[in-house]
Amino acid sequence: MNKAGVAIYPGSFDPVTNGHLDIIQRGSRIFSKVIVAVLKNERKDPFFSAAERAEMLALAIKPFDNVEVARFDGLLVNFAKEKKAGVVIRGLRAVTDFDYEFQLALMNRRLEREVETIFLMPSSEYTYLSSSQVKEVVALGGSVEGLVPDFVEQKILEKLKKNGNKKKQRDS
């Protein structure tokens, strides 16, 4: 199969889940190169820093030889032009995602007509999965085995422990 050009898969990936990796793997079969773009939007109050998220993604994408990780801030279409990417990949888990993603795609098209958006649905076992749910389950003592790479659960636990120690020091 001839592969299309360069695509960008943007997101916060806070943290990366197996749902994200499912989209990355499928995108890597379609495009000659996929750039997983970690948004550095600190206004979202991320659990992990952009550097930590990029580091986890770099470990998670090792099996894919045509996928790389980059960090960006600002307009996605400007980043896409800079990277010579003609396509933005977005994942749609459920109908509830569609309205928001549709609005983003239309705004991106208005800003840059040369950058197209395609939507990929994750495999059925990941349609309900979100990074927020993963963090909450781990924080409440549940297992996220099979939902994230093994090392991600450990990173969440380490971060919760570190943040818990900081909170205890502030409360003292």
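Trainee: Which residues does Glu-101 touch, not counting residues up to four places away in sequence?

Mentor: This is a predicted model, in which local features need pLDDT of at least 70, side-chain atom pairs count only at pLDDT 80 or more, and totals for chains, interfaces and linings use all residues. Residues are numbered from 1 along each chain as its sequence is written, and side-chain values use heavy atoms, with hydrogens and water left out. Contact means heavy atoms within 4.5 Å. Leaving out residues up to four places away in sequence, Glu-101 touches Arg-90, Gly-91, Leu-92 and Phe-119.

Trainee: Is Glu-101 buried or exposed?

Mentor: Glu-101 is found in helix H4; helices (H or I, at least four residues) and strands (E, at least two) are DSSP runs, numbered from the N terminus. Buried means under 20% relative accessible area, exposed over 50%, and partly exposed in between, with a 1.4 Å probe and protein chains only. The relative accessible area of Glu-101 is 7%, so this residue is buried.

Trainee: What is the average pLDDT of the protein?

Mentor: pLDDT is the predictor's confidence in each residue, from 0 to 100. Residues 167-172 stay under 50, and the model gives them zero contacts beyond four places in sequence. Across the protein, 94% of the residues score at least 70, and the average is 91.

Trainee: Which residues lie nearest the centre of the largest pocket?

Mentor: On a 1 Å grid over the protein atoms alone, a pocket is an open set of points where a 1.4 Å probe fits, with protein on both sides within 12 Å along at least five of seven lines; lining residues have an atom within 4 Å of a point. The volume is about 1100 Å³, taken as the space filled by probe spheres set on the points, which are joined across faces, edges and corners. The lining has 43 residues, and those nearest the centre are Gly-11, Ser-12, Lys-44, Arg-90 and Glu-101.

Trainee: Which element gives the largest share of the lining of the largest pocket?

Mentor: Two or more lining residues come from each of strand E1 (4-11), helix H1 (18-30), strand E4 (87-91), helix H4 (95-111) and H5. The largest share is nine residues, and it comes from H4.

Trainee: How many residues of the lining of the largest pocket are charged?

Mentor: Ala, Val, Leu, Ile, Met, Phe, Trp, Tyr, Cys and Pro count as nonpolar, Asp, Glu, Lys and Arg as charged, and the others, Gly among them, as polar. The lining holds 20 nonpolar and 14 polar residues, and the number of charged residues is nine.

Trainee: What is the omega of the peptide bond that joins Asp-14 and Pro-15?

Mentor: Most residues other than glycine have a negative phi, and most peptide bonds are trans. Pro-15 lies in the loop between E1 and H1. The bond joining Asp-14 and Pro-15 is cis, with omega about 5°.

Trainee: What is the phi of Phe-13?

Mentor: Phe-13 also lies in the loop between E1 and H1, and it is buried, with a relative accessible area of 2%. Its phi is positive in a residue other than glycine, with a value near 50°.

Trainee: What is the phi of Lys-84?

Mentor: Lys-84 sits in the loop between helix H3 (76-82) and E4. At 69% relative accessibility, Lys-84 counts as exposed. Lys-84 is not a glycine, yet its phi is positive, about 60°.

Trainee: Why are the buried residues of H5 on the same side?

Mentor: In helix H5 (residues 131-139), the buried residues are Ser-131, Val-134, Lys-135 and Val-138. The arc is that of the directions from the helix axis to the C-beta atoms. They lie on the same side of H5 because they cover an arc of only 95°.

Trainee: Which exposed residues does the face of H5 turned away from its buried side carry?

Mentor: H5 is followed by Gly-141, whose phi is positive, near 90°. The face of H5 turned away from its buried side carries Ser-132 and Glu-136.

Trainee: Which residues does Tyr-128 touch, not counting residues up to four places away in sequence?

Mentor: Tyr-128 is in the loop between strand E5 (116-120) and H5, and at 49% relative accessibility it counts as partly exposed. Leaving out residues up to four places away in sequence, Tyr-128 touches Gln-133 and Leu-147.
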